[in-house]
Amino acid sequence: MDATPDYITDFTAFLQASPSSYHAAAEVARRLDAAGFTRLSESDNWIDAAERCYVVRDGAVIAWSQPANAGPTTPFRILGAHTDSPGFKLKPKPTIGAHGWLQAGVEVYGGPLQNSWLDRELELAGRLVTRDGVEHLVRTGPFLRIPQLAVHLDREVNNGLTLDKQRHLTPVFGVGDAAEADLLAHLASLAGLRAADVAGYDILTADTNPPATFGLGQELFAGGRLDNLTSVYAGLRALILTSEHTTGPISVLAAFDHEELGSQSRSGASGPLLDDILTRIGAGLGASVSERLQAYAESWCLSADAGHAVHPNYPERHDPANAPILGGGPLLKINANQRYATDAHGAALWARTCAQANVEYQEFVSNNTVPCGSTIGPLTATRLGIRVVDVGVPLLSMHSARELCHVNDPQALSAATAAFFVPEA
């Protein structure tokens, strides 16, 4: 893989181009186009499809590269990730305000670390859909802010901050009479549209502070949406790097949307998207139902999502024997209750993969008193019966507006993913 500074520089550009899941999908598509992949429409016949292709469904992307000798029972190697991140989503009738302030009506999206979004210059980003069904991406740049109450007006705030989701998390974007302002018209104008032409929208907030490396030796990297664009970018880069392999499995990047909401959507991991695409790839190779299931039986999915590094100020929240650190390599995520899908065979696969890539890795398991979240891994294993191993980059401040990792770990994940896509014989 490339040297770390180049990797981080390009990853920074990827993050800045991806303030929403829809922008992330578009940026993945742009990079795939530049690498010679062919975009397919789900409404077209794929019989004559090329060997390196991709599909965009809303804020999700499925891309694949199949070797020239692929056949009906050729297995898949899938890197599963997600494009969305926690934040706030614009409500209908979004222009509100009081006491001389213009404010945006927003709804909490996923599980953001709410206090981290206070007193930051935020932007609105996402898609507008016009009455003819055409989608238009839009972003404002620095535009709004959720102001915190001054300490002088709440002398107990440093003893415990409590935020009411309806009253305290409404951002401001100007001063004036809300009856005379039109936030939707502003967004439409940025896309070259009239507000009257916009029939629907999916618009979310994003922090506008650019990603940065810092610390001793510039080893630390901070930015928004590291959960889970670290995995999307790692998989994208690995897929492009290995896309001209002539033998072995079919490599797939599956970047889903709506993971932060539970994945239950047409573009989420609980939906039919991945199965739809794998079925159609198999059909193009002449696979019968039986042959497709034979391929699945030998397939693997890396469910790549961020995990928790040990926090130096809260070590009691972590397992005392398994305390991964930033810079120690990507995580192998394990949970006895199958909140992560890793089992013994998956652990062995990950060990082989990292050895092939010359990458160190760490094991992550939760403290028994601190239940872990889950990933797309168990969903994919349940829906398709494909073996899954959960991995990811260790972070601090997960679900913050601005998360923290080590500069080496994202690149190590990408190197391991490349080895996973093209395993040694």
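**Helices, a sheet and a loop residue**

Tutor: Let's start with a helix pair in this predicted model. Leu349, Trp350, Thr353, Cys354, Gln356 and Ala357 of helix 7 meet Leu413, Ala415, Ala416, Ala419 and Phe420 of helix 9.

Student: OK, and how do the residues of that contact divide into nonpolar, polar and charged?

Tutor: There are 9 nonpolar and 2 polar residues in the contact of helix 7 with helix 9, and no charged ones.

Student: At what angle do the axes of helix 7 and helix 9 cross?

Tutor: Roughly 105°, and the axes come within 8 Å. Since 65 to 115 degrees is the range for roughly perpendicular, helix 7 is therefore roughly perpendicular to helix 9. If you want to find them, helix 7 covers residues 344-357 and helix 9 covers residues 408-421.

Student: How many bridges join strand 11 to strand 12?

Tutor: 3 bridges, and the two strands run antiparallel. Take Ala212: its bridge partner in strand 12 is Ala222.

Student: New topic: helix 2. Is it mostly covered or mostly uncovered?

Tutor: Mostly covered, with 10 of its 14 residues buried. The buried ones include Tyr22, His23, Val28 and Leu32, and Glu27 and Arg31 are also among them.

Student: And how far does helix 2 reach from its first C-alpha to its last?

Tutor: Helix 2, residues 21-34, reaches 20 Å, close to the 20 Å expected at 1.5 Å a residue.

Student: What is the phi of Gly36, which follows helix 2?

Tutor: Gly36 has a positive phi, near 95°.

Student: Last one. Where is Gln114?

Tutor: Gln114 sits in the loop between strand 6 (101-109) and strand 7 (122-130).

Student: Does Gln114 count as buried or exposed?

Tutor: Buried, because its relative accessibility is 18% and the cut-off for buried is under 20%.

Student: Which residues does Gln114 touch?

Tutor: Leaving out residues up to four places away in sequence, Gln114 touches Leu163, Lys165 and Leu169.

Conventions. Residues numbered from 1 in each chain as written. Predicted model: local features only at pLDDT ≥ 70, side-chain atom pairs only at ≥ 80, totals over all residues. Heavy atoms only, no water. Helix = DSSP H or I, 4+ residues; strand = E, 2+ residues; numbered from the N terminus. Expected span 1.5 Å × (residues − 1). Buried < 20%, exposed > 50% of the residue type's maximum accessible area, 1.4 Å probe, protein only. Axes fitted to C-alpha atoms, helices over the stretch in contact; angles between N-to-C directions. Parallel < 35°, antiparallel > 145°, perpendicular 65-115°, else oblique. Contact = heavy atoms within 4.5 Å. Nonpolar A, V, L, I, M, F, W, Y, C, P; charged D, E, K, R; others polar. Pairing = 2+ DSSP bridges.
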